[in-house]
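Visitor: I would like to learn how to read a structure like this one. Please show it to me, and we can go through some features in turn.

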Amino acid sequence: MTEFLEAIQNVPLIRYALLAGIVSSLTFGVVGTFVVTRRIGYIAAAIAHSILGGIGASIYFSRVYELAWLTPMVGAVIAALLSAGVIGWVSLRTSEREDTIIGAIWAFGMAAGLLFIHYAPGKAVNLESYIFGDILLTSKSDVIATVVLAAIILTLVGLFYHKLVAVCFDEEFARLRGISSDFYYLLLLMITAISMVLLVRVAGIILSLALLVLPAATASRFSRHMWVVMLIALGLALVYNAGGLAVSFALDTPTGPFIVLVASVVYGLSFLLKGRR
Amino acid sequence: MSTPDNELAEKRIVVQCDDLCFRYGKPWVLEEVSFEVTEGESLCVIGPNGGGKSTLLKILLGLLDPGRGSLRIFGESCEKARSRIGYVPQSMQFDRMFPISALDIVLMGRLDRLRVGRFSRECRAVAMESLDEVGLADIAQRPFSDLSGGQRQRVMIARALACEPELLLLDEPTANVDLSVEEQFLETLVELRKKMTILVVTHDLDIVSLIGDSVLCVNHRVHRHSLPLSGDTIKEIYSGRRRLEHDRRTRHVQGDHSACQHD
């Protein structure tokens, strides 16, 4: 542990990783609670997988056309928002089945990402770090981007908290009270999309959903008040991220899988403890 | 000297429905529906499942556009009149696991007064009053999942009251409510009836006899009955059972209301 504390002081990489983890944890707890209660976990998962398409495309185009601004983070945000928009539009405005479009976006994003990365010129891309996550690859600009995105998410939730809750609980009634249910549902999907970008940074595409859903699911076993659930989930995510980083640093294990494993075990225990309602 | 016309003018018309027709696909679900509700009246809407009750309710709420005919509430279009309507859906349709307190649900009735951030103190006061009105002030902070079926339904009513409505629309309020808690629930309705215009879709004869001024029988077309219904009529319509399955017994085909006794 003292080694880890020393590393925080001396190694900027660890400091960045810890900072990004802490800041993004704030959003995971809050957004995860919405995702769990509104039951849109699979939409979040589809968005996470579509992010690879954005990462791949940004790497490809930035190298081919030498666009320095087109970082993987930018590509990820664009892809996540696009997929959230498409899924929302399809489920609100067309008669197509929602799970079908979720599956399509999910696979399309992965396929596009893999192809872009395959054809991208220059040095080989470390695919694994995107799929399984590698928070130790966090750069200073990543930390800044994380802080900005997290601030956007938390501000939006803070401003529209009651409307988002109302739309999650009873869309029809919200509409009758003059709230545009469609708008706030799309807003929720957009907020979820941005969170997934942050999550993919920490835990990778495959493991990201667990880190969004498990803290909120665990927390909802212990409280029946939305904001309390959010606070507990936020605390759990914080402990998982910071603790996971420390332990994986000490034991030299990959961070993402370790965090997810701990989160799953805690969720399982909470289920055994408080599951029978 | 007051003529009948003058009397009519004194009582404001809340709902004015003329020749309304509606269809989802090809066949008409509602045809030539005309009725009116005057201020202070409580109208019970009954009829078989699939007869168009829910559709009529959705049109009243402005959630569906009528194909033909006109429907004005407070002289306005349904969509414009929404802010003056309190709507009570069936409480069963909600996710019981949803982490939310009774008070927070009731506060949703004030959503149109909220722009961003937190609810004002005034909104919270109105919400608490509404909970008090249905006798649930002491469980304001209790989570939704801990409430009984009757309490949940009353929370939904409190939410509608928090809209400070002039017209209250209820959709089968006693469906899925425990008989043991229903009495208290009906008392709440009886109190509310004195204060506002009520339109309630129901299968429950207790509600009809307790709060109904008249009955609108909806099955493709509508027919109006004045109350009290004679014993024979009730028997005819509900085959003598208290909590009725109106449908099976009086399956009116294409608006045939021969089983109903009309005024």
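Guide: Start with Gly62(B), which comes just after H2(B) and has a positive phi of about 80 degrees. Helices (H or I, at least four residues) and strands (E, at least two) are DSSP runs, numbered from the N terminus. This is a predicted model, in which local features need pLDDT of at least 70, side-chain atom pairs count only at pLDDT 80 or more, and totals for chains, interfaces and linings use all residues. Residues are numbered from 1 along each chain as its sequence is written, while chains are lettered from A and ligands numbered from 1 in the order in which they are written.

Visitor: Which residues other than glycine have a positive phi?

Guide: Most residues other than glycine have a negative phi. Asp19(B) is one exception here, with phi near 55 degrees, and it sits in strand S1 (residues 13–22) of chain B. Glu32(B), in strand S2 (residues 30–38) of chain B, has phi near 50 degrees.

Visitor: Why does Glu32(B) count as partly exposed?

Guide: A residue is buried if 20 or more other C-beta atoms, placed from the backbone, lie within 10 Å of its own, exposed if 12 or fewer, and partly exposed in between. Glu32(B) is partly exposed because it has 15 C-beta neighbours inside 10 Å. Asp19(B) has 13, so it is also partly exposed.

Visitor: Is helix H2 of chain B largely enclosed or open?

Guide: Six of the eight residues of H2 (residues 53–60) of chain B are buried, so the helix is largely enclosed by the rest of the structure. Among the buried ones are Lys53(B), Leu56(B) and Ile59(B).

Visitor: How many residues of chain B are in contact with chain A?

Guide: Two residues are in contact if their C-beta atoms, placed from the backbone, lie within 7 Å. By that rule, 20 residues of chain B meet 22 residues of chain A. The chain B side has 13 nonpolar, four polar and three charged residues. Here Ala, Val, Leu, Ile, Met, Phe, Trp, Tyr, Cys and Pro count as nonpolar, Asp, Glu, Lys and Arg as charged, and the others, Gly among them, as polar.

Visitor: Where in chain B is confidence lowest?

Guide: The predictor's confidence in each residue is pLDDT, from 0 to 100. Chain B averages 81, and 80% of the residues score at least 70. Confidence in this chain is lowest in helix H10 (residues 246–249), at a mean of 38, and highest in helix H4 (residues 102–107), at 95. For the complex, the predictor gives an ipTM of 0.87 and a pTM of 0.87.
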